[in-house]
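Let's walk through a protein structure together, one question at a time. Keep the picture open and follow along.

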Amino acid sequence: VYFFSPTCVWCEENWDNVRALARARASRFRLVAVAAERDLKTFVESKALDFEVRGGISLEARRALGLGGTPHTLVVSSRGSISHEWIGAFSGSRLRGVEEFFELDFPGLAARGGR
């Protein structure tokens with residue numbers, strides 16, 4: 001589960017990595033992107049996101065999951081337990097950890113203001 005905000009600079013820079021993950025590991029993992037905002041249709045279309053995106057996560061749900069800022073990535077088992085967690089964009093040691101877990105090389109972060 002990839003928690004994001006449409007106005008988050010780090011989320012913006014991380015979308016190429018998230019798209020790569022969704023495409024490369026679709027047979028093994030189901031990626032769902034989730035935001036607090038409710039109306040995400042225009043955002044999803046503008047980013048050409050081709051995986052499930054949901055909006056309207058409540059403050060109570062965010063607190064229960066221990067979510068702070070965005071981006072925040074959780075790996076949730078089919079039984080509902082969280083096995084891995086990364087807070088922030090996929091860069092530095094976080095990037096290496098995500099790449100190792102998913103056995104995938106990511107494209108890296110997009111340049112600020114590049115898209």
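**Starting at an exposed loop**

Q: Is Ser78 buried or exposed in this predicted model?
A: A residue counts as exposed when its relative accessible area is over 50%. Ser78 has 83% relative accessibility, so the label for Ser78 is exposed.

Q: Is Arg79 buried or exposed?
A: Arg79 is found in the loop between S4 and strand S5 (82-87). Its relative accessible area is 80%, and the cut-off is over 50%, so Arg79 is exposed.

Q: How far apart in space are Arg79 and Val98?
A: In sequence, Arg79 and Val98 are 19 residues apart. Going from C-alpha to C-alpha, the distance in space is 21 Å.

Q: Which residues have the most contacts inside the largest nonpolar core?
A: Nonpolar side chains tend to be buried together in soluble globular proteins. Here, the largest nonpolar core has 15 residues. Those with the most contacts inside this core are Tyr2, Phe4, Trp15 and Phe51.

Q: Which element gives the largest share of this core?
A: Strand S1 (2-4), H1, strand S2 (32-35) and helix H2 (41-47) each supply at least two residues. The largest share is four residues, and they come from H1.

Q: Which residues does the second, separate core include?
A: This other core has 10 residues. Among them are Trp86, Phe90, Leu104 and Phe106.

Q: Which residues does Phe4 touch, leaving aside those up to four places away in sequence?
A: With those sequence neighbours set aside, Phe4 still touches Glu37 and Thr70, among others. The list also includes Cys11, Trp15, Ala33, Val34, Ala35, Ala36, Leu40, Phe43 and Val53.

Q: How many disulfides does a search of the whole structure find?
A: A disulfide is a covalent bond between the sulfur atoms of two cysteines. Cys8 is buried, with a relative accessible area of 12%, and Cys11 is buried at 0%. For disulfides, the search of the whole structure finds zero.

Q: How much space lies in the largest pocket, and which element gives the most to its lining?
A: The space in the largest pocket is about 340 Å³. Of the 15 lining residues, Val1, Phe29, Arg30, Leu31 and Val32 are the closest to the pocket's centre. Helix H1 (9-24) and strand S4 (72-76) each supply at least two residues of the lining. The most, four residues, comes from S4.

Q: How many nonpolar residues are in the lining of the largest pocket?
A: Sort the lining by class and you get two charged residues and two polar ones. The nonpolar count is 11.

Q: What is the phi of Ala48, and what is the phi of Glu103?
A: Most residues other than glycine have a negative phi. Ala48, in the loop between H2 and strand S3 (52-55), has a positive phi of about 55°. Glu103, in the segment after helix H4 (92-102), has a positive phi of about 50°.

Notes. Residues numbered from 1 in each chain as written. Predicted model: local features only at pLDDT ≥ 70, side-chain atom pairs only at ≥ 80, totals over all residues. Heavy atoms only, no water. 1 Å grid on protein atoms, 1.4 Å probe; cavity = no way out; pocket = protein on both sides within 12 Å on 5 of 7 lines; lining within 4 Å. Points joined across faces, edges and corners; volume = space filled by probe spheres on them. Nonpolar A, V, L, I, M, F, W, Y, C, P; charged D, E, K, R; others polar. Core = buried A, V, L, I, M, F, W, Y, C linked by side-chain atoms within 4.5 Å. Buried < 20%, exposed > 50% of the residue type's maximum accessible area, 1.4 Å probe, protein only. Contact = heavy atoms within 4.5 Å. Disulfide = S-S within 2.5 Å.
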